[in-house]
Amino acid sequence: MNKKKSLAYYESIEGWLFISPTLVGAIIFLLIPFLVSIYLSFTEYSLIELPRFIGFQNFQRLIRDISFWKSLLSTCYFAFTGIPVGLALSLALAVVMNRPIRGITFFRTAYFIPVVTSWVAVGLIWRWLYNPEYGLINWILSLFGLKGPDWLVSKTWAMPAIIIVNIWKNLGFNTMIFLAGLQGIPEDLYEASKLDGANQWQQFHYITLPMISPTTLFLTITSVIGSFQVFDAIYNMTRGGPEESTMVIVYYLWENAFGFLRMGYAAAMAWILFLIVFTLTLIQWRLSSKWVFLP
Amino acid sequence: MGFYYKNLFKTTQTILFYLLLSLGAIIMLAPFLWALSTSLKIPGKEFAYPPEWIPNPVTFSNYKEAFTILPFSKFFINSTKISVTVTITRLFVTSLAGYAFAKLRFRGRDIVFLSLLGTMMLPNAVVIIPQYMLMYYLGWIDTHLPLIIPPSLFFAYGIFLMRQFFLTIPDELRDAARIDGCTEIQIFWHIMLPLAKPGLATLIVISFMWTWNSFMDPLIFIHSTEKMTIPLGLGVFMSQYGTEWRRLMSGTVASTIPIIILYSVLQKYYVRGIALTGIKG
């Protein structure tokens, strides 16, 4: 009896011991900053002086801040345009790849190279590609008789340009995840449907899509969370220009915190961002029961 | 439909799919090839119209210039130092935690694990400002410490990965060792860790690459040139050479080749790590 008790006791101690480095790290670098940032959002703080409590003023200023609302709009534009297109393309690609194809390793490597390259490199390369006079993109368009715009300098085309690059960069990653999901679909479902006379489109619509809906949900949720925090892409392609047309929330936040040293204001912004991301995730989760098929 | 027509249809489909796949692969790789091509051109040739794919003549002078203007070797050393330190530390910290969450029983285990997972949804922007404050008061700004210590200790994705992996190891192994009188630490070190090699391999590859390519944190915490990592150094300095595309491309190619080579060699582990966590939607 006694031995049994002490075994569980030791296991308990060892358990906590094993997770202690991570826990310490989490408390010091995540939990405490998390709590401090709540406080900071109610202060005016420039780092050189001590924080000064100002109540809800930061939030009041945010509501009146046109740049903030613009950045919110740009972020939504980025997320809600890029994600559907990107995921649709990835799924299509995954369906194509989900066959016994020779050279699959080559293809996988090729599609992944953009994923593992840093945004700095990707940004530079694509800025050169988007060059209005000498860039490849406009040259290719000219082959079709089209005159390409001055992509990254145009208020209308800068954001679409970045969205395209973002889709390009993440395609391989999303495709791999979809592929893993596709490979989990039992073959007999397709065979049974063939006996019932289903064609390929019907198979896709009634078998593939439902069976892959958990994966789709996972990707949608993580993509939304990621897209709303986009920074590297903007910094390395346009720095928020031209005229703030590509200014996203985190970029505006970064400018305020480390450029203008308005850290309290930025902290308030960060919290609004958190609430938005949290709410969107919750909404997606609730809606999921309507369209996600759990076998 | 006759057997012959069905076969023809299938073959055509397969050919079509190969074409599509290849087109996609070209789109993925072409920008890099174009950057390479530009980097080997002599001054003026990069503005040739229509664009030339094969540089004629080929020159390496752009690389020479890029390497003299920027302390690339310093950037490389910094990136390597940070990525290696973080990855090795994470090896131990995350596998310990992952194992504990998978196999050990202690009160509050699941709550703590779920909270850890929940932090993945927390925007970095929320904590970055107080983190900066902390680093400022510690005097760690413009050192590598903010880039090494926090990520080494806390790596939610890695813990999740290792836990998934340890869950697949049968309990009997551990029970047998317990009966033989081993302590948990002995079990972990002598039995579990060696068994976890595939999971660890994935952890190493993913952690190294993510740390290497990290941009926003170095941007915030590092200010002096000699301390910069490759992405940061490339980005911050190359913005000075606005339109000198040949040099820009040579710097880019030089910065990208290490990671591309590393990935091509180790891709098996990277892909497996993603598949392991991705399906469990």
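Predicted model: local features only at pLDDT ≥ 70, side-chain atom pairs only at ≥ 80, totals over all residues.
The C-alpha trace of chain B spans about 75 × 75 × 35 Å along its principal axes. The radius of gyration of chain B is 24 Å, whereas a compact globule of 281 residues would have a value near 19 Å.

Both chains carry a domain assignment. In chain B, the assignment gives domain 1 as residues 3-59 and domain 2 as residues 63-278, and the centres of these two domains, taken over C-alpha atoms, are separated by 33 Å. The contact between them takes seven residues from domain 1 of chain B and seven residues from domain 2 of chain B. On the side of domain 1 of chain B that touches domain 2 of chain B, the residues are three nonpolar, two polar and two charged. Chain A, in turn, is divided into domain 1, which covers residues 2-40, and domain 2, which covers residues 60-291; here the C-alpha centres of the two domains lie 36 Å apart.

Two helix pairs of chain A were examined for their packing. In one pair, helix 3 (residues 66-97) of chain A packs against helix 7 (residues 158-182) of chain A at an angle of about 40 degrees, and the axes of the two helices are 7 Å apart. Because of this angle, helix 3 of chain A is oblique to helix 7 of chain A. The crossing of helix 3 of chain A past helix 7 of chain A is right-handed, and the contact of these helices has 17 nonpolar, nine polar and no charged residues.

In the other pair, helix 10 (residues 213-227) of chain A and helix 13 (residues 263-291) of chain A pack at an angle of about 165 degrees, with their axes 10 Å apart. Angles over 145 degrees count as roughly antiparallel, and therefore helix 10 of chain A is described as roughly antiparallel to helix 13 of chain A. Helix 10 of chain A passes helix 13 of chain A in a right-handed crossing. The residues that helix 10 of chain A brings to this contact are A:Ser213, A:Leu217, A:Thr220, A:Ile221, A:Val224 and A:Ile225, and they meet A:Val277, A:Leu280, A:Thr281, A:Gln284, A:Ser288 and A:Trp291 in helix 13 of chain A. By class, the residues of this contact between helix 10 and helix 13 of chain A divide into seven nonpolar, five polar and no charged.

The loop between helix 11 (232-237) and helix 12 (249-259) of chain A holds A:Pro242, which is joined to A:Gly241 by a cis peptide bond with an omega of about -15 degrees. A:Arg239 also lies in the loop between helix 11 and helix 12 of chain A, and although A:Arg239 is not a glycine, it has a positive phi of about 55 degrees.

The contact between the two chains takes 73 residues from chain B and 74 residues from chain A. On the side of chain B that touches chain A, helix 13 (residues 245-278) of chain B gives the most, with 15 residues. The residues on that side of chain B divide into 54 nonpolar, 14 polar and five charged.

Notes: Residues numbered from 1 in each chain as written. Chains lettered and ligands numbered in written order. Helix = DSSP H or I, 4+ residues; strand = E, 2+ residues; numbered from the N terminus. Nonpolar A, V, L, I, M, F, W, Y, C, P; charged D, E, K, R; others polar. Axes fitted to C-alpha atoms, helices over the stretch in contact; angles between N-to-C directions. Parallel < 35°, antiparallel > 145°, perpendicular 65-115°, else oblique. Left-handed = near helix turned anticlockwise from the far one by under 90°. Domains from an automatic or database assignment. Rg over C-alpha atoms; globule rule 2.2 N^0.38 Å.
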